[in-house]
Amino acid sequence: MPTYKRFIQHVILNYIIGSFIAVLLVGMIFVFSTLNVAHYEILGLVKIIAFSSVIMIACETIVFRMHLRPVHRFFLGNQETLKDVEAVYIRVHHLPNLSVLRIVGPHLLGFSIPATVIALWMIHTGQLTFPFYYVGIACIGACLVASMHALVEFFLTMRAIKPLLEEIRDRTYQQYGLNLSLRGRVLLSLRHKFQLSATLIGAFPLFLFCLATQIRLERLEATDSSSYWAWAGTILIFGVAFAYLGGRLLTREIEQPIHHLLEKMNEVKEGRLNSNASDLYSDEFAELVEGFNMMIEGLKEREEKNGQLLDSYFATLAAALDARDAYTAGHSLRVAEYSVLIGRKGGLNETDLDLLRKTALLHDIGKIGVADAVLLKDGKLTDEEFDQIKMHPVMGESILRQVEPAYAMAPYLPGVRSHHERYDGKGYPDQLAGEDIPLFGRIIAVADAYDAMTSDRPYRQGMKEEKAVMILEEGKGTQWDPYFAELFVKEWRRNKGITADSIGISTRASH
């Protein structure tokens, strides 16, 4: 509640200062310095201003309390739901805009309507000796003064609401564990804010000067109104146009670096850290861009370290798994190499190739749950033992689902579960067929089969590479995806006789 009370005090003080400057100081100086006012008329004008000011303050107080009602209820502890709190948070953000509506609405009308009526009556009864059209000029002046007051009130309220927003966010986090935010929602664009402000700042003194000069010249009988306004109108048009153009240029100068940084932030959000923000500025934006680029460099360094740790993590898991069986040592690494080769020939991008490699490293992780008596058996497996082996894709998926964060492991699950599916639908564990089998599963199946056939086992010696390739070719479209099997076969044949280092495939023909 102390924060809310201080806010109210600041708003009232800001309003008093703005009203004094705009209505009393500027308005009264405009009236009394422009008009040749007789002493008996001064009292009449003071009465008009005083009476109209009372009505203005009464009208504006009513509207101000309406604007603050939900905020007031919140700080009294009457908001019960999170939805109510979010509505209050939005309302506080709207208070600067509402202050403008309050000034140009009840503030302006509450003053100008009573003042106009009383002034016309006093002119009619002879208490004031002004021409009737002076009242129209006064109304135009009142609109100008109210516009400037609204501008001042807007920026003062923008500053005043910040402690209020912080208090609402702190309370919401304590009660609901949620950080309130507009989530990028723009309630008033920078373009409108700068454009209107610059135009009004440029136009206000010109209009006020032209109105005052019209009255002064007429009083001095120096010229007629038509010739004066032909000149004054030209000055006003050029002055307002220049103010508008200046505001537009200023807005574009500020918007361009902001939009550039927002684009780079969206790239960072999508995980693209390849390009820094362009450092083309010589003002404070240069500092902002430099800080942003330093952040990007820090993220790149951390991303690189995380990638190294993750690669080491996957490789360690694969090595730990292969270490259970001396005869299959290095199997996961080789399957990963073959899979990446197939994926690259199949046109996968680098991101997908990295996911494929890590999936292949972990494709047999489910064998951790298979008993040594079955996994390391020298002879042929029984049907029951083979059924246990066939469960390792499901067990592998289950193991990886326990790793947090879950979203980070999600891309690897389909390939681990489906690497023993057959293209004709006779594989396991889900009997998927054709392209219903996940992409990584179809690729790893080819790589896994080739390494399994060419690796030594306790109960058999690994077959020659030529024979393994021939079996892959014969099984295209039945056991293996015909496209990926053909890619591997063609690549093997193209590189036959070339050293392993030159083709990136670990051969075991000499083993």
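Since the model is predicted, local features need pLDDT of at least 70 and side-chain atom pairs count only at pLDDT 80 or more, while totals for chains, interfaces and linings use all residues. Numbering runs from 1 along each chain as its sequence is written, and side-chain values use heavy atoms, with hydrogens and water left out.

A core here is a set of buried Ala, Val, Leu, Ile, Met, Phe, Trp, Tyr and Cys residues joined through side-chain atoms within 4.5 Å; buried means under 20% relative accessible area, exposed over 50%, and partly exposed in between, with a 1.4 Å probe and protein chains only. This core has 39 residues, and the members that touch the most others are Ile342, Leu400, Val446, Tyr450, Leu472, Trp480 and Phe488. Two or more residues each come from helices H7 (284-322), H8 (331-345), H9 (350-361), H14 (413-418), H15, H16 and H17 (482-494). Helices are DSSP runs (H or I, at least four residues), numbered from the N terminus. H15 gives the largest share, 9 residues. A second core of 27 residues stands separate, with Leu45, Ile48, Val145 and Met148 among its members. In soluble globular proteins, nonpolar side chains tend to be buried together.

Leaving aside residues up to four places away in sequence, Leu472 is in contact (heavy atoms within 4.5 Å) with Val446, Ala449, Tyr450, Met453, Trp480, Ala485, Phe488 and Val489. Leu472 is also one of the buried residues of H16, along with Glu465, Ala468 and Val469. These residues span an arc of only 100° around the axis, so they sit on the same side of H16; the arc is taken over the directions from the helix axis to the C-beta atoms. The buried residues of H16 pack against H15 and H17.

Between H15 (439-454) and H16 (465-474) runs a loop that holds Ser455. Ser455 is buried, at 1% relative accessible area. A polar atom of the Ser455 side chain lies 2.5 Å from the backbone oxygen of Asp451.

Now for the charges. The whole structure has 21 salt bridges, each a side-chain nitrogen of Lys or Arg within 4 Å of a carboxyl oxygen of Asp or Glu. Asp481 and Arg442 form one of them, at 2.9 Å from N to O. Asp481 is in the loop between H16 and H17 and Arg442 is in H15, so the pair ties together parts 39 residues apart in sequence. Both Asp481 and Arg442 are buried.

Another bridge joins Arg493 and Glu473 at 2.6 Å, N to O. This pair links distant parts of the chain, with Arg493 in H17 and Glu473 in H16, 20 residues apart. Arg493 is partly exposed at 45% relative accessibility, and Glu473 is partly exposed at 27%.

Glu167 and Arg171 bridge at 3.2 Å, N to O. Both lie in helix H4 (residues 133-176), 4 residues apart, or about one turn of the helix. Glu167 is partly exposed at 22%, as is Arg171 at 27%. Elsewhere, Glu397, Arg401, Arg417 and Asp430 are linked in a network of salt bridges.

Key
A polar contact is a pair of N or O atoms within 3.5 Å; within protein, one must be able to donate a hydrogen and the other to accept it, and residues adjacent in sequence count only if both atoms are side-chain atoms.
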